[in-house]
Amino acid sequence: MRLGFIGAAHEVTGSCHFLEAGEKRILIDCGMEQGPDIYENQEIPVNAAAIDYVFVTHAHIDHSGLLPLLYARGFRGKIYATNATSQLCGIMLKDSAHIQEFEAEWKNRKGQRAGREEVVPMYTLSDAEGVLNYFVPCPYDKQIKVCEEVTICFRDAGHLLGSSFIEVWVNENEKHCKLIFSGDLGNGNHALIRDPAVPDTCDYLIIESTYGDRCHETPPDYAVELAKVLSATFSRGGNVVIPAFSVGRTQEMLYHMRRIKQEKMLPAFADFEVYVDSPLAVEATNIFNENVAECFREEDLEMIRSGVNPIQFPGLKKSVTSEDSKAINFNQKPKVIISASGMCEAGRIRHHLKHNLWRAESTIVFVGYQVPGTLGHSLLNGVREVKLFGENIQVAAQILNLPGISGHADRDHLTAWVSAMKELPKRIFVVHGEDSVTDEFAAHLTEVTGAEATAPYSGDVYDLAANTCVEFGSRKRVEKKAKAQKAKTVFDRLLAAGQRLLAVIQKNKEGTNKDLAKFADQINVLCDKWER
């Protein structure tokens, strides 16, 4: 039994852990990095086609976004996730592929004239659609026997619709071990989403630390605070632009906008319009409405039973087509624009920033964590000029960060969650946090709980039976931005197919002599054909 750390080790995004149980090879999350690298991440140590299962904590791209790439490299195993996560991945992975393809096409149009090397998308829509066929939707709180070696259970993490922490029971040669992967934990008392479930016991806990070095301020009444921002901005004749993740944060914003309307907090602008400019957000909102019974808080269920939709109100406009999106900026009436991506790295939000950043009367409101190195982080930290679509844009708009709105638990919430366990783990692994934060929070957990806590680096591998690190990854900081991939060739595709064939051969080693001989003959016939 071995646990390896691949992504989000001394970094915030790109979550990926590699678990070996007997001959089974398992990934827990397969996320995409956002922002610049701090450390060079270890590659998954086996052929993608040799991976048997992936367990996904939730649908955010930094936890699921590389699944299509895994598929493109030959993975054909099963992907276990909650019902809502499976549905959300169905739209988010396809949206991510669309962005990859669109941006590659745009860069190639620009780069061709300058003689630059061709840029290709990390993966395609076909890859995203292909990997979706391997999802296994699962309910909360039910133990699922994946194979002889592994049993899992998804528990509500209170971070996003369908989010979970995953309990994993591993058996190997009569040795037993239980792990809990926290995924991203919510801080409780959020609109729509239930509070995190309480963990039981485990041998090893793998816990996030996004806010492991700080405590959130006492949360204000978000609807009241937003109403103040809207009133001031509308009075100046400006727009309120909210970069928000299409899944989760957008729906939360709609919840607060409904309250502003319903409770008549803006009598001078009672008919203000709210534009949700994201096809993904529109689809995600529909999925929210389909998962009310399994995922919503009791108070919101009660509201629905009384006939009130908590994320619907007069003046809500949903923009799906590109023509709809463009029309928003020709409408001179002050309005709210909620668009993705939440860190301003891609998507339609960049167009709205281009049209509003230079306007002193407009306000940009950030309502989520901004990874260092992203455009959102730069704006929050006072940058006065940005480049969008080849143009230099002066930043004159008011830039605000609405305090307290976070989908992540803070240090005290995380500590209380660990302390609620009936027995402390043998070791706590602290991941998914900024470089210094992971070490700081690990030391804090050790001091407060008495449990041994460690902040592993990418490439570190632990023998779970011995509770010992048996391989050490690099500690060298690189601080580089991810390089654009070189254009793939048909030969690259052939190599990937060959690697998949090797993995399939390995998986069939216990087959009957008759079947293996037949398989070998088929391969030899194929080789004979192509050697001619």
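The questions and answers below go through this predicted model, from its overall build to single residues.

Residues are numbered from 1 along each chain as its sequence is written. In this predicted model local features need pLDDT of at least 70, side-chain atom pairs count only at pLDDT 80 or more, and totals for chains, interfaces and linings use all residues, while side-chain values use heavy atoms, with hydrogens and water left out.

Me: How many helices and strands does the protein have?
Reply: Helices (H or I, at least four residues) and strands (E, at least two) are DSSP runs, numbered from the N terminus. Counted that way, the protein has 16 helices and 23 strands.

Me: What is the radius of gyration of the protein, and what does the globule rule give?
Reply: The radius of gyration is taken over C-alpha atoms, and the globule rule is 2.2 Å times the number of residues to the power 0.38. For 532 residues the rule gives 24 Å, and the protein is close to that, so it is as compact as a globular protein of that length. The C-alpha trace spans about 80 × 60 × 45 Å along its principal axes. The radius of gyration is 24 Å.

Me: What percentage of the residues in the protein is buried?
Reply: Buried means under 20% relative accessible area, exposed over 50%, and partly exposed in between (1.4 Å probe, protein chains only). Of the 532 residues, the buried ones make up 53%.

Me: Among contacts between residues at least 6 apart in sequence, what percentage joins residues at least 24 apart?
Reply: Contact means heavy atoms within 4.5 Å. With the contacts limited to residues at least 6 apart in sequence, the part that joins residues at least 24 apart is 74%.

Me: Why are the buried residues of helix H4 on the same side of H4?
Reply: Helix H4 covers residues 125-132, and its buried residues are Asp-127, Ala-128, Gly-130 and Val-131. The arc is that of the directions from the helix axis to the C-beta atoms. These residues are on the same side of H4 because they cover an arc of only 165° around the axis. What covers them includes helix H2 (67-72), strand E5 (78-82), helix H3 (83-114) and strand E6 (135-138).

Me: At what angle do the axes of helix H6 and helix H7 cross?
Reply: Axes are lines fitted to C-alpha atoms, for helices over the stretch in contact, and angles run from 0 to 180 degrees between N-to-C directions. Angles under 35 degrees count as roughly parallel, over 145 as roughly antiparallel, 65 to 115 as roughly perpendicular and the rest as oblique. H6 and H7 are therefore roughly perpendicular to each other. The axes of H6 (residues 249-262) and H7 (residues 279-290) come within 9 Å and cross at roughly 75°.

Me: How do the residues of the contact of H6 with H7 divide by class?
Reply: The contact is made by Thr-250, Gln-251 and Leu-254 of H6 and Ala-281, Ala-284, Thr-285 and Phe-288 of H7. Ala, Val, Leu, Ile, Met, Phe, Trp, Tyr, Cys and Pro count as nonpolar, Asp, Glu, Lys and Arg as charged, and the others, Gly among them, as polar. The residues divide into four nonpolar, three polar and no charged.

Me: How many nonpolar, polar and charged residues has the contact of H5 with H6?
Reply: Helix H5 (residues 222-236) and H6 pack at an angle of about 75°, with their axes 9 Å apart. The residues in contact are Tyr-222, Ala-223, Leu-226, Ala-227 and Leu-230 of H5 and Met-253, His-256, Met-257, Arg-259 and Ile-260 of H6. By class the contact has eight nonpolar, one polar and one charged.

Me: Which residues does Ser-96 touch, not counting residues up to four places away in sequence?
Reply: Ser-96 is found in helix H3. Ser-96 counts as buried, at 8% relative accessibility. With residues up to four places away left out, Ser-96 touches Met-32, Ile-61 and Tyr-123.

Me: Is His-10 buried or exposed?
Reply: His-10 lies in the loop between strand E1 (2-7) and strand E2 (16-21). Although not a glycine, His-10 has a positive phi of about 60°. Its relative accessibility is 0%, so His-10 counts as buried.

Me: What is the C-alpha to C-alpha distance between Asn-133 and Arg-76?
Reply: Asn-133 is in the loop between H4 and E6, and at 65% relative accessibility Asn-133 counts as exposed. Asn-133 and Arg-76 are 57 residues apart in sequence, and in space their C-alpha atoms are apart by 9.3 Å.
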